[in-house]
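Reader: I am new to reading strands and ligand shells. Can we work through a case together?

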Amino acid sequence: MDIHVSQDFPGPKAQAILAQAHRYEPHSMSEQVPVVWKKADGVYVEDVDGNVFLDFTSGVLVVNAGHSHPRIVEAIRDQSSQVINCYDFANEYRSSLAKKLVEITPANLDKAFLLSTGGEATEAAMKMARRYTGKQTILSFTGAFHGRTYGAMSAGGKHSGASTKGFGPFLPMVSHAYFPYCYRCLFGKEYPGCRCACLQSLDMVLETQTEGNVACVITETYQGGAGSILPPREWMLGLEAWCKDHDALLIIDEVQASFGRTGKLFGFEHHGIQPHLLCLGKGISSSVPLSAVVGESRIMDCLEPGTLSSTHGGNPLCARAGLANIDVILEEKLPQNAASMGEILASGFQSMKNELEILGDVRGQGLVWGLEIVKDKTSKEPNPGAAKSVVHAACRKGLLMIAPIGMYGNVLRIAPPLVIDRERIEQGLDLLRDAFRSVVYTD
Ligand code: PLP
């Protein structure tokens, strides 16, 4: 496929479908650019009018193995002709996938429970933590995102945001400590000089908002929704030590950060920490809905039969897609590719940052990056309008990006499929640079 966007984009077919969606669907979804997807292959997306885009979204960080990878498509095709759903009766592929997940994660994680969505996985992990420890408090962080169901939303760290405001009251006994957003440090400090002084907020929250009965701490290894915010390694190590000291389980939510996205198979590997419960989703299948909690059997086995299951969780179709996907990711060395392609992105973004006053911060790992758009570098005032304009301008040039994210809606999210090569990374950087220039010099 070759990138091509017609002058009359969005074309006639797209316009008709968008009008239908506007009439019959609620307006609750994100405001994406008007690309009506028809098919996608590898790193390209084609819309219903034949426009072709280079994909810097991976769906929403789902298709790590690339769109419609032939081995995953074949697994889905073959399985769909045999059996698709069997509730929680045993099936070969569910237990094989559980085994595979145990094999590729740290040795302390020796059981895996399969579900369909990331939110279900984080909910299940928090339930397991309360049941196992007999304690109630769930400690999460400012800016966190763990899903949109009530428990997951309660653990989320921005209750005034459009996706949570007006939905309260939230789950009781969920508290939030400060997550290190170093570009906007609340304490006005700089890393490494600060030596992660913000870790002290854990003790402060413990003392002021809880009765000390912390069942678990839940965190992402980088905060995706908050704007691709990466904590220092020192902070992660400090957090792990804090959990040990307080006899609290550490739940790592890698629904977004896993399966090679950050340049390692799992994001926590960058930090050398070990979760007690690990939540996975998105890139676990590169396709159909699938998620998992991988954990220690001492925790998981405290749940008696009937405690947790789900209609679609671990169905043979999704489980088989997951197995094929993991083989692809490992055999094609996609984490390694993400790491080396990420270096090209890093230097491209750095030179854009040097050139552009509105590009305040650039941060990322492997093939997930956040570009924080501001009014100017001195004030750091968030500039969500310009971020949106860049996404639209890029789209017209053939580069597909998700609507801006972040605490202030001003962060461009860059997340191509992990099969991308150097030529297409450089092409994407050129298109993005053009989009920035068209916004900055016509503002
Ligand atoms: N946890 C994290 C870190 C996520 O990024 C997401 C989704 O973006 C979720 C949980 C929720 O996943 P889902 O939308 O599949 O429920």
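Reader: Which residues of β12 lie on one side and which on the other, and are they buried or exposed?

Author: Note first that this model is predicted. A residue counts as buried if 20 or more other C-beta atoms lie within 10 Å of its own. Now the case. On one side of β12 sit Val368, Gly370 and Glu372. On the other sit Trp369, Leu371 and Ile373. All are buried, so both faces of β12 are covered. The strand spans residues 368-373, and six of its six residues are buried.

Reader: How many bridges pair β11 with β12, and in what sense?

Author: Two strands pair if there are at least two bridges between them. Strand β11, residues 359-365, pairs with β12 over six bridges, in the antiparallel sense. One example: glutamine 365 has valine 368 of β12 as its bridge partner.

Reader: What lies between β11 and β12?

Author: Two residues, and the two strands form a hairpin. In the turn, glycine 366 has a positive phi of about 55°.

Reader: How many bridges join β12 to β14?

Author: Four, and these strands run antiparallel. β14 covers residues 411-414. Its valine 411 is the bridge partner of glutamate 372.

Reader: Now the ligand. How many residues surround it, and which are the closest?

Author: The ligand is surrounded by 14 residues. The closest are Thr117, Gly118, Gly119, Val255 and Gln256. Helix α5, residues 118-133, gives the largest share of the shell, three residues.

Reader: How do the residues of the shell divide into nonpolar, polar and charged?

Author: Ten are polar, two are nonpolar and two are charged.

Conventions:
Residues are numbered from 1 along each chain as its sequence is written. This is a predicted model: local features need pLDDT of at least 70, side-chain atom pairs count only at pLDDT 80 or more; totals for chains, interfaces and linings use all residues. A residue is buried if 20 or more other C-beta atoms lie within 10 Å of its own, exposed if 12 or fewer, and partly exposed in between; C-beta atoms are placed from the backbone. A residue is near a molecule or strand if its C-beta atom, placed from the backbone, lies within 6 Å of it. Ala, Val, Leu, Ile, Met, Phe, Trp, Tyr, Cys and Pro count as nonpolar, Asp, Glu, Lys and Arg as charged, and the others, Gly among them, as polar.
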